[in-house]
Structure formats: structure tokens, C-alpha cells
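Me: I want to check the labels on this model one by one. Take me through the calls and the rules behind them.

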Amino acid sequence: MKTQYRIKEHKDDKTTFFEAQFKPWWFPFSWFSCYGFNTCCYYETAMRVCELHSEKYFTEDELHWVISEIDRSFDNCGE
């Protein structure tokens, strides 16, 4: 069994948020948030977070991109 990924959609009164989650193969009982945090306004951003999380090795620049993209995405929510 491989680690599984999904995008969880959360809605409030005005906005829809997306969260990249994974279920590790060695603990298939629960879903966890990729990188511990990642509320995104855009589905595409959440997909990219899943892609980067699934890569065994990624650069510090890519991790920085994830953090900045999540922040930028969240700041522009509801516009």
C-alpha cells in the first residue's frame, strides 16, 4: 500500500478553503495535513502541495515556495 493523498474542502459563510492531506502507508487509520499546515484558497495550490509532499527529496526553495504560496493564497481569499 502506498501513501495516499487527497484535497479536503472546507467551507465557511463566505469562502471555500482547501487542505492537502496524506494518509501514510504505515498508519492507514488517519489523514494528516501536509507540512502540518496548508490552508489554501485555490485547489491548484493544494494539488501542488500534495505533489511536493509526495516527492522524497525537494529543495529548500521548493519548501519556501509552498509556504509563500499558501500565505499568498490565504491572503487573497474572498477577493
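Reply: Start with the rule for elements: helices (H or I, at least four residues) and strands (E, at least two) are DSSP runs, numbered from the N terminus. The expected span of a helix is 1.5 Å times one less than its number of residues. This is a predicted model: local features need pLDDT of at least 70, side-chain atom pairs count only at pLDDT 80 or more, and totals for chains, interfaces and linings use all residues. Residues are numbered from 1 along each chain as its sequence is written, and side-chain values use heavy atoms, with hydrogens and water left out.

Me: What makes helix 1 close to its expected reach?

Reply: Helix 1 covers residues 43-54, which is 12 residues. From its first C-alpha to its last it reaches 17 Å, and 16 Å is expected at 1.5 Å a residue.

Me: Which elements does the protein chain have, and in what pattern?

Reply: Two helices and four strands. Along the sequence the pattern is β-β-β-β-α-α.

Me: Why is V49 called buried?

Reply: Buried means under 20% relative accessible area, exposed over 50%, partly exposed in between (1.4 Å probe, protein chains only). V49 has 0% relative accessibility, so it counts as buried. V49 is in helix 1. Its C-alpha is 8.7 Å from that of Y35, 14 residues apart along the chain.

Me: Which residues of helix 1 are buried, and what puts them on the same side?

Reply: T45, A46, V49, C50 and L52 are buried. They cover an arc of only 170° around the axis, which puts them on the same side of helix 1. The arc is that of the directions from the helix axis to the C-beta atoms.

Me: How do you know that A46 is buried, and what does A46 touch?

Reply: A46 has a relative accessible area of 0%, so it is buried. Contact means heavy atoms within 4.5 Å. Leaving aside residues up to four places away in sequence, A46 touches I7, F18, A20 and C40. A46 and A20 are 26 residues apart in sequence, yet 5.2 Å apart C-alpha to C-alpha.

Me: What makes E51 and R48 a salt bridge?

Reply: The rule asks for a side-chain nitrogen of Lys or Arg within 4 Å of a carboxyl oxygen of Asp or Glu. The closest N and O atoms of E51 and R48 are 3.3 Å apart. The pair passes, and the count comes to one salt bridge. Being three residues apart in helix 1, the two are separated by about one helical turn. An α-helix has 3.6 residues a turn, so residues three or four places apart point the same way.

Me: Are E51 and R48 buried, exposed or partly exposed, and why?

Reply: E51 has a relative accessible area of 38%, so it is partly exposed. R48 counts as partly exposed at 28%.

Me: Why is Y42 called partly exposed?

Reply: Y42 has 38% relative accessibility, so it counts as partly exposed. Y42 is in the loop between strand 4 (39-40) and helix 1.

Me: Why is F29 called exposed, and which patch includes F29?

Reply: At 68% relative accessibility, F29 counts as exposed. It is in the loop between strand 2 (16-23) and strand 3 (32-33). W25, W26, F27, F29 and F32 make a nonpolar surface patch of about 640 Å². Patch residues have over 30% relative accessible area and no salt bridge; like charges are joined within 9 Å, nonpolar side chains (Val, Leu, Ile, Met, Phe, Trp, Tyr) within 5 Å. Areas come from the Shrake-Rupley method with a 1.4 Å probe; for residues, only the protein chains shown count as cover.

Me: What share of the protein chain counts as buried?

Reply: Of its 79 residues, 32%.
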